[in-house]
Every structure is written in C-alpha cells, then in structure tokens.
Amino acid sequence: MRFFLIPLFFIIVIVLVISFLASMLRIVRESEAYVVERLGSYHATWNTGFHFKAPFIDRIAEVVTLKEIVADFEPQPVITKDNVTMQIDTVVYLKVTEPKLYAYGVVNPMRALENLTATTLRNIIGDLELDQTLTSRDVINAEMRNILDVATDPWGIKVTRVELKNILPPKDIQEAMEKQMRAERNRRETILEAEGHKQAIITRKEGDKQAMILEAEAAKAVKIAQAEAEAKSIQLVNEATAKGLQMIIDVAGKDGLLVLKQLESLEKVANGNSTKLIIPSQLTESTSGLVSTATLLKEGFTDASLKLEQPPLPEEDPCCDKPLK
C-alpha cells in the first residue's frame, strides 16, 4: 500500500509543478499588448509572441487592445450662441499607440475621453448659432478631432475620427424648421413652374420665328426660281430671234431685215380697230413676192373686211411725159 502511494505523490507533485510553470508562460496574441510590472513598478510591454513571467515578482498590470476602438457616447446637452439648447451625441474613433501611457496616463481613459469630448463639444457649439451648427458638421468634426488628438497624446491614445451622430433641437424648434423647409419647398416649386412656363413660351416663340424664317426663305426661293425661269425664257426667245434675223440677213441681206421690221410695224397697226389697211407700194415692191400679204391677217381680222389698197399713181402728161402735180 505504501509503495502505491509514493508514486502517486510524485505524480501529483509533477503535475503541480508543470501547472505552475505553465501559468508562468504567456502567449500574446496579435493586436494585443501586455503591460508587465515587476515588484510593483513598470517592467516591460509584451507584444505578439511567447513570454515568460517570473513567479511572485512579475504581474500583468494591463491587457491593451491595439485595434481601433469605436466609442459611442451618450447625448450631451449643449447651448448654442443664440441660446438654443439641443442634445448632441458623438462617436469617437480612437486607437491605442502607447500601451504604457494608456495604462498609467489616466484613470479610466474611456471615461476621461468621454468627459473631454463633452466639454470640447460645448465650447465649439457655444460659438455657433443654430443654423451654423446644423450646416457645419464637417467643420465641427475636424475641430473636435484636432483638439481631442492633442489632448489625448499623454494617454497614449490617437484619435483618428470624430462624428456628430445626432443633433436633436427642441420640439418647437423642430416644428419651426419643418415649416421653414415646407415654405422653401413651395417657393422652389413655384419658381420651377414659372421657369417652365417661361421656357415654354420662349420655345414656342422661337418655333414661330423659325417657321416664319423658313416660310420667307421658301417664298424667296420660289421667286428666285421664277425669275431665273423667266430670264431663261427671255434669253431663249432672244437667241431664237437673233438666229432668225441672222438667217434673214444671210438670205435676203439687210434690205430683207428692213422689210421684216416694216411688216412688224404693219402688224401692230393691223391689231387696231381699223378695217382698212394701206400698204405702201415701196413695201410691196421690195418684198418681190417673197412675203405674202396673207401673213398680215391675224385672228382679229377674221370678221372684218380687209381691203388692201395701193395709193394712186400720178397721171402722166402725154405731151411731156411728166407726172402731173
């Protein structure tokens, strides 16, 4: 029985020693840091890896996360420059850069950061009016980030970003703002309708103007085409007349051309109301039978009795063979 108890005792002792030694070993994970104290004072900061803690003299004072922390603080009452009280809650993004300063810099760093955020927010909003507060979020965020980043350096904290989550003015202010926005929307609607009506009238007038211009251009083109056709017709007639006259000159000489002109003059005379036409003997003799008097008849002489007479020849004296006067 004794021999059975002795090995069991050694086994228990060995297990206790192994457990004690295992408790002295620490494995630090990624994105964490251990602040270690030795005999009550700061000894070292353990980063990622395997570490041995001396028994009885070393103590892990703080386990610090190196991840970015999102701190969502409760709404804080603030007063604007125009004495409007509103509730504003902020969201602060921060990261621990110095674990030692974070562990020893301030008691309860997150609580201290919340109070610092509240006081900084009141100071900034106190210099702004209500309308500026509602429309200057980016300015407020940037200014708060700069102030908090500088103030938290002794605590080993890096403030990366600050956002105003909600801005809640009093209920009566909200109702007034809603009425103002509704009136502004109605004003914009009226302006848009007026602009649309104005644009429609301008577009219609422009269309009428273009139509009138096109109509005038079309009438101009028609007149130009008619004038060109008339000019072409006159040109063709003149060319034909010139060819005819040249042919007459070639056949009968210049005397034939004079005869033609005299015939044209007789044609104009024949178009009158006279029923008697006297043709000079010089004209009939000069034609030598080439031109018939029948060509002088026109449509207007079909119902009238046309008489072609020659002037009487002077009487001759049988004695002296001279014409009598």
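Predicted model: local features only at pLDDT ≥ 70, side-chain atom pairs only at ≥ 80, totals over all residues.
I take helices (H or I, at least four residues) and strands (E, at least two) as DSSP runs, numbered from the N terminus. I number residues from 1 along each chain as its sequence is written, and side-chain values rest on heavy atoms, with hydrogens and water left out.

**Entry 1: the cavity**

I searched on a 1 Å grid over the protein atoms alone, where a cavity is a set of points at which a 1.4 Å probe fits but cannot get out; a pocket is an open set with protein on both sides within 12 Å along at least five of seven lines, and lining residues have an atom within 4 Å of a point. Grid points are joined across faces, edges and corners, and a volume is the space filled by probe spheres set on the points.

I read about 30 Å³ for the largest cavity. Its lining consists of Phe73, Glu74, Gln76, Thr90, Glu114, Thr117, Ala118 and Leu121. Helix α3 (residues 109-125) gives the largest share of this lining, 4 residues. I sorted the lining by class (nonpolar: Ala, Val, Leu, Ile, Met, Phe, Trp, Tyr, Cys and Pro; charged: Asp, Glu, Lys and Arg; polar: the others, Gly among them). The count is 3 nonpolar, 3 polar and 2 charged residues.

**Entry 2: Thr90**

I then looked up Thr90, one of the cavity-lining residues, which sits in strand β8 (residues 85-96). For exposure I use relative accessible area: buried is under 20%, exposed over 50%, and partly exposed in between (1.4 Å probe, protein chains only). Thr90 is buried at 4%. Leaving aside residues up to four places away in sequence, I list its contacts as Ala71, Asp72, Phe73, Thr117, Leu121, Met144, Glu163, Leu164 and Lys165; contact means heavy atoms within 4.5 Å.

**Entry 3: the second largest pocket**

I find about 190 Å³ of space in the second largest pocket. Asp131, Leu134, Thr135, Met177, Gln180 and Met181 form its lining, to which α4 (130-135) and α6 (171-270) each contribute at least two residues. By class, these residues are 3 nonpolar, 2 polar and 1 charged.

**Entry 4: salt bridges**

I count 9 salt bridges in the whole structure, each requiring a side-chain nitrogen of Lys or Arg within 4 Å of a carboxyl oxygen of Asp or Glu.

Asp58 and Arg38 form one of them, with the closest N and O atoms 2.5 Å apart. This bridge links distant parts of the chain, 20 residues apart: Asp58 in strand β5 (residues 58-65) and Arg38 in strand β2 (residues 32-38). Asp58 is buried at 6%, whereas Arg38 is partly exposed at 31%.

Glu163, one of the Thr90 contacts, meets Arg161 in a salt bridge at 2.8 Å, N to O. I note Glu163 as partly exposed at 25% and Arg161 as partly exposed at 48%.

Glu184 bridges to Arg187 at 2.4 Å between the closest N and O atoms. The two lie 3 residues apart in helix α6, so about one helical turn separates them. Glu184, Arg187 and Arg188 are linked in a network of salt bridges.

**Entry 5: the aromatic pair**

I find 1 aromatic pair, taking rings of Phe, Tyr and Trp (its six-membered ring) with centres within 6.5 Å; planes under 30 degrees apart are stacked, over 60 edge-to-face, and the rest tilted. Tyr42 and Tyr104 make an edge-to-face pair, 6.1 Å centre to centre with 85° between the planes.
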